[in-house]
Amino acid sequence: MSTDLSAATAADLRPAPDAAVRALTQAVARVHLPDTPRYRELTVTSNVVKAVRPLVVVEVVDADDVSRVLRIAAACGVPVAVAGTGHGATESMAGAILIHTAALDELTVHPEGRWARVGAGVRWAAVLAACAPHGLAGLCGSSTDVGVVGFLTGGGVGPMVRSHGLSSDSVRAFDVVTGDGVLRRATATENPDLFWGLRGGKGSLGVVTAVEIDLADQAEVYAGSIWFDGADATAVVRTWSVWSDLLPTEGTTSLAVMRLPDMDEFPEPLRGRTTIALRFTWTGDPAVGEEMIRAMRAVATPLIDSVAVMPYAALGAVHADPEDPMPLHETSLLLDDFGPDTADVLVELVGPAAQTAQAMVEVRQLGGRLRTGPDCAFAHREAAYQVFVLGLMIPEIAQVVAADARRITDALAPWARTGGLPNFTDTAGVAWAQRVYPPQVAARLRELSRAYDPAGVLLAARGVRG
Ligand SMILES: Cc1cc2nc3c(=O)[nH]c(=O)nc-3n(C[C@H](O)[C@H](O)[C@H](O)COP(=O)(O)OP(=O)(O)OC[C@H]3O[C@@H](n4cnc5c(N)ncnc54)[C@H](O)[C@@H]3O)c2cc1C
């Protein structure tokens, strides 16, 4: 395999994309061209509306592969995107090289020091399974099908965020090939500027090949979901707005107004109607957690109540996010407050009597230890709640979903604050970066991007570089 990149690219007078593909096939083993079976597998996205169609997919097997790809891309002037699972696809990647990390699957748990080393292609489910025998927990998000590195580079707001903090606060080290093709290690003391930027900066500074994370001593949680009939929406949402405000930080909760389609894969009492799903994770003494949730259990008769002691490895059951690809429209906004007035507006907007095209509107309570972590590129620690609006882009309603999402976010504007979380978005580019990063954070990321990616190869950096 040739590593003489200049020879492979310099004398090539064909258009840059052709030259890049030719150089890649000479320098790297697993190069997948469009319309090959592996290309199709590696370009599957969980949101089918966000289909990706890169010039070529390179399935990297180590950091050297990543380095070669980035150097060839810089020499040919072709941008580079990165993916591990396709759960966070935001743009088509047209004309770009996609580095896919599925083969970077190392996973070692060090129970004595309570930490793990995790390759960039590993999903949370594998980490949770490997940690479970030791009674340890990695700070995952609501879905354990999501990639560890994609999640952590966006900060990571999980079902234990109030008790254990932002998930990227648990990162000890990143191994990253920066845009200039150099493998670097980033920790609090080694390349601390990169370490700052990788926790929230997504893929804007480099391709992470592995991450080292602290593990929490949490074999079990008292957690689950309580589903109420839409007819009880006003009482449930109003009570939750007051109750969540009083909840100690051992508890993390969200509430979702759901309109699940009338399909067999959903439990019978939940399909084809409006329901309210209260999600709850309590990391302290389960008996105290039971006391805490009692007030919500008493508001109305639940359709389903799954809150109980469960192994941490089963945490994905709390939100039970769907894993099959679907056509989705996603919108989110941050709130400073969610009191009874906001609750009433939400019920008016999406309760059982409302006309809405959304399948789910979720309000996640933030706060607690999320507020107190170290400075990093994740910028909105102070937000009190996040609203996530999810619509299905199915033919019957596709043309009204976006306008309906705007109707909801506009009505919640009196409680909204500027900004967005890096992980909860289905867009990319300048408008996205301006929303997610305040000016001083964007300026620092831009400076780092120029230093570590002088040729501007990384597609994800375009938002901050402008
Ligand atoms: C069902 C579901 C539930 C979710 N729940 C939560 C949640 O509770 N909390 C939360 O914070 N987020 C949540 N998310 C959002 C999720 O964390 C982001 O979409 C995340 O980017 C997915 O990462 P991925 O690697 O799985 O996806 P990919 O599509 O493979 O990657 C998405 C992006 O992550 C970055 N990235 C991936 N790999 C690398 C790498 N090796 N180096 C550098 N950057 C990389 C890149 O910017 C890339 O474009 C959820 C998403 C889904 C689909």
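Visitor: What should I know before reading the numbers?
Guide: Residues are numbered from 1 along each chain as its sequence is written, and side-chain values use heavy atoms, with hydrogens and water left out. In this predicted model local features need pLDDT of at least 70 and side-chain atom pairs count only at pLDDT 80 or more, while totals for chains, interfaces and linings use all residues.

Visitor: In what order do the strands of the open sheet stand?
Guide: Strands of a sheet pair through backbone hydrogen bonds, either parallel or antiparallel. Here 5 strands follow the order S5-S6-S9-S7-S8, with antiparallel pairing. Helices (H or I, at least four residues) and strands (E, at least two) are DSSP runs, numbered from the N terminus, and two strands pair if DSSP finds at least two bridges between them.

Visitor: Which strands stand at the edges?
Guide: Strand S5 (107-110) and strand S8 (183-186) each have a single partner strand, so one side of each is left without a neighbour in the sheet.

Visitor: How many bridges join S7 to S9?
Guide: There are 7 bridges between S7 (residues 171-178) and S9 (residues 206-214). Val-177 stands opposite Val-207 in S9.

Visitor: What lies between S5 and S6?
Guide: The two strands form a hairpin with 4 residues between them, and Arg-114 in the turn has a positive phi of about 55°. S5 and S6 run antiparallel, joined by 4 bridges; Thr-108 has Arg-117 in S6 as its bridge partner.

Visitor: How do helices H2 and H4 cross?
Guide: Two packed helices are described by the angle between their axes and the distance between the axes. The axes of H2 (residues 16-27) and H4 (residues 63-76) come within 9 Å and cross at roughly 155°. Axes are lines fitted to C-alpha atoms, for helices over the stretch in contact, and angles run from 0 to 180 degrees between N-to-C directions. H2 and H4 are therefore roughly antiparallel (over 145 degrees).

Visitor: Which residues meet there?
Guide: Ala-16, Ala-19, Ala-20, Ala-23, Leu-24 and Ala-27 in H2 meet Arg-68, Val-69, Ile-72 and Cys-76 in H4, where contact means heavy atoms within 4.5 Å.

Visitor: How many salt bridges are found?
Guide: Side chains of opposite charge can pair when their charged atoms come close. A search of the whole structure finds 27 salt bridges, each a side-chain nitrogen of Lys or Arg within 4 Å of a carboxyl oxygen of Asp or Glu. One of them joins Glu-59 and Arg-30, with the closest N and O atoms 3.7 Å apart. Glu-59 is in strand S2 (residues 56-59) and Arg-30 in the loop between H2 and strand S1 (31-32), 29 residues apart.

Notes. Angles under 35 degrees count as roughly parallel, over 145 as roughly antiparallel, 65 to 115 as roughly perpendicular and the rest as oblique.
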